[in-house]
Amino acid sequence: MKRTFARITPYAALSPMALTVIVAYVGAALWTLRISLTSSRTFPSGEFIGLAQYQRLFDNERWMLSLHNLAVYGVLFILACLAIGFLLAVFIDQRVRGEGVLRTVFLYPYAMSFVATGLVWQWLLTPGDGIDGALRAWGWHGLHLDWIVRQDMVVYTIVIATVWQASGLVMALVLAGLRGIDPDIWKAARLDGIPAWRVYAQVVLPMLWPTIATVLLLLSTAVVKLYDAVVAMTQGGPGTASEVPTKFIMDHLFLRSNVGLASAGAVVLLVPVLALLAPYAYARSRKEAT
Amino acid sequence: MTPPIIDHSAHPAIPLAPVPVRQVAVRKRGRRLTVARIGIYAFLFTAALFFLLPLYVMIVTSLKPMEEIRAGGIFALPHAATLEPWRQAWSGVCTGAACEGIRGGFWNSVLITVPSTLITILVGAVNGYALSFWRARGANLLFGILLAGAFVPVQVMIYPLVRVMALAGIFGSLPAIVLVHVIFGMPVMTLLFRNYYAGVPQELFQAARIDGGGFWRIFLQVMLPMSLPVIVVAGIMQVTGVWNDYILGLVFAGRDHLPMTVELNNVIMTTTGTRQYNVNMAATILTALLPLALYFVSGRWFVRGIAAGAVKG
């Protein structure tokens, strides 16, 4: 009696995790998938209509625009974060003074919420009163920093704000990677007279591949999840110019009473995430097998 | 890499050569370095300015009366600095229907963050411990799915969770938002503890087993007491994550328990007439203050948490 009890204890202890995975993650995702195949409006309905919601979704101009915005945003956000984070890490790694202060300065935005980040940048980029006004006061009349109210430029303002928030993370992770590199490589390179930038580009960068893969995974899932910053900064505007898929889903779930369409959107968002995770899971399982 | 070494040893004249060569190289490098180093510092200094700019603007804006803001000069220091916007933001500004400032949101966030942090850390610690030392069948598969869940947008799960909680009668309440934070905080917390316990020697666990320790006794008397470092890191990460959350609070907390981030956004969106930029910025600083303070006080631990949570994922 006591032994069977002892044997099931670990299972009992893991039951919160099992419940979370089975009910809240897998179960909820499957339910969302199911709803996306029905004609649900305000409440879930049992009437199956096949893939009609998906057809509606991809005929929906607002959804297509939000996908397009996300693609533009994602490419620019990831490239800018990688470039800035990598440069900062490499420059900090040159045995500079005040390294601790610099690291703190570059990473503090990461401690701020997306809402606070969005609101600060909204104020900075407000035409007339923000940086725009300061530029004009300094006599640069040709420059109009009115991107946040221009339909063709508003996406870039969200890129700027979120890059400011997240590139410190890339810096911290890359710096940790750089510190883990064998110092003998630098000695060897110096003896061979290879310039530092070439060592970084051709030796260090390939060695940092695991770090870069992690950073890429973190950044790209952050792209798919992008929501708070848009709501705080532009509310999807002007018009629908800065709509993103997550906001489309939230609006259709809770404001527009179109649960079926929203669920179809959520399932579509799940696809790139799983595609990103697949190679990662594969690498992990191979590493564990050896 | 090897051929040059063989080359060097093959030439008897070489051992003398490195000395002058290296001296030249060092002098050359030294001269070049000064120029390069000025460039390095210039780059880092400019970057630091860019990163600090929003913080500076936030602070000076929050200390200015509206007339000064309207007069322009977002970067100018305040002429007649005032704390009135801060008072307004804390206890006077309208967050939707009521005009009682964002202090209500602050206390709601405290009420949400404390249990969400404690419970999630406890569950994460038990998970990590069980995963590292007790071979429960299927546990690693569950853990893999749990980790994958951390990367999925909450929109995929949110509607079914709302329905289930409505059925259970807790939707829009404090228990609902705490439960949701436990659910979505579990992957990273479990990962932190699992990685930490992976570094604990198995012999220690075996010895405790031989001494007759059971699952909970070993956890409480052996593992937990030596988990202080990871508990601190986990606490920092979870407090920051819960405090900064917006979407879960918006959906699950209900009208009476809206967290500070949601109230802050309401402040800025519900302003009628001219925008009170100074009050808005004071409210924004107030909302960001706790995670920022936590970060500035615990900088190294914060970085360690990110590294432990991210790199080993």
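In the predicted model, the axes of helix α4 (residues 61-92) of chain A and helix α11 (residues 209-225) of chain A come within 10 Å and cross at roughly 145°. Axes are lines fitted to C-alpha atoms, for helices over the stretch in contact, and angles run from 0 to 180 degrees between N-to-C directions. Leu70(A), Tyr73(A), Gly74(A), Phe77(A), Ile78(A), Cys81(A) and Leu82(A) of α4(A) form the contact with Val215(A), Leu219(A), Ser220(A) and Val223(A) of α11(A), two residues being in contact if their C-beta atoms, placed from the backbone, lie within 7 Å. By class, this contact has nine nonpolar, two polar and no charged residues; Ala, Val, Leu, Ile, Met, Phe, Trp, Tyr, Cys and Pro count as nonpolar, Asp, Glu, Lys and Arg as charged, and the others, Gly among them, as polar.

Chain A contains 14 helices and zero strands, where helices (H or I, at least four residues) and strands (E, at least two) are DSSP runs, numbered from the N terminus. The C-alpha atoms of chain A fill a box of roughly 70 × 70 × 35 Å along the principal axes.

Between the chains, 76 residues of chain A are in contact with 70 residues of chain B. Helix α2 (residues 15-35) of chain A gives the most to the side of chain A that touches chain B, with twelve residues. That side comprises 59 nonpolar, 13 polar and four charged residues.

Residues are numbered from 1 along each chain as its sequence is written, while chains are lettered from A and ligands numbered from 1 in the order in which they are written. As this is a predicted model, local features need pLDDT of at least 70, side-chain atom pairs count only at pLDDT 80 or more, and totals for chains, interfaces and linings use all residues.
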